[in-house]
Amino acid sequence: MKYAKPPKDPRGGHTRLYWDMLDSPAWNALTATDQRAYMALRRQLGKTNNGDLSLPLSRSRHYGITSPATLAKSLRALIAVGLIAVTRRGGCTRGGQRLPTLYRFTCEENHAMPGKLIDANPATHPWRLIESIAHGKALIRKHEAEAQDTAKKKSLVQKLNDTSSKNEAVKPSTTTNPEPWQSGPLRIVNHGNKPKRVRKVNDGAGLAVLKDTGT
């Protein structure tokens with residue numbers, strides 16, 4: 001018997017969230033902002049693009065997430081509880097091109113995309129391993145602390161590299177130890193007296209003294 005193809009939803013596309021996820025400790029360990037980030041990322045999911053999903057700030061603004069720090073924190077929280085996973089780390093290429101970090105939903109399989117360096121993955125559902133809301137929140141705090149520690153180390157390395165040329169030793173304009181005085185003739189005049197001929201000599205401590213040599 002041939003079945004008729006179901007008609008398209010007159011309301012258009014939609015995002016399906018199963019009850020086991022909505023009722024899970026992993027989902028309920030998230031903040032409302034984290035859940036909005038999940039939905040913003042889910043909005044892009046098609047039939048074949050799982051693993052090739054990104055959430056730039058320009059798109060998250062439509063969902064009320066306007067701060068880059070807040071967006072990054074929410075994405076880290078989703079990773080911590082296992083709802084999403086990174087398929088490719090973002091960064092700058094040698095040519096200066098900026099590549100976004102790409103994600104996949106762990107409740108769906110994703111196909112390999114060699115051109116984007118994305119491997120194939122089955123649906124793994126690691127979020128189901130979260131035992132309680134407290135467990136989920138603890139994982140989020142741990143993941144966030146590790147991210148902050150990595151950012152501090154990276155910032156420190158960048159500062160050292162940036163200031164290394166400025167921290168070169170400055171050569172003194174004069175020598176550290178007093179240079180020895182060279183002996184030499186010097187004539188002084190005494191008021192009302194016959195001038196005496198003296199010599200300037202070094203006293204051994206780097207100081208000049210005048211020695212009477214007679215007339």
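I looked up Tyr38 and Phe105 and found both buried, where buried means under 20% relative accessible area, exposed over 50% and partly exposed in between, with a 1.4 Å probe and protein chains only. I note that this is a predicted model, in which local features need pLDDT of at least 70 and side-chain atom pairs count only at pLDDT 80 or more, while totals for chains, interfaces and linings use all residues. Residues are numbered from 1 along each chain as its sequence is written, and side-chain values use heavy atoms, with hydrogens and water left out.

I then searched the whole structure for aromatic pairs and found two; rings of Phe, Tyr and Trp (its six-membered ring) pair if their centres lie within 6.5 Å, with planes under 30 degrees apart counted as stacked, over 60 as edge-to-face and the rest as tilted. Trp27 and Tyr38 are edge-to-face, at 5.3 Å centre to centre and 85° between the planes. Since Trp27 lies in helix H2 (residues 25-28) and Tyr38 in helix H3 (residues 32-42), the pair ties together parts 11 residues apart in sequence; helices (H or I, at least four residues) and strands (E, at least two) are DSSP runs, numbered from the N terminus.

Tyr38 and Phe105 are also edge-to-face, at 5.1 Å and 75°, and this pair links helix H3 to strand S4 across 67 residues.
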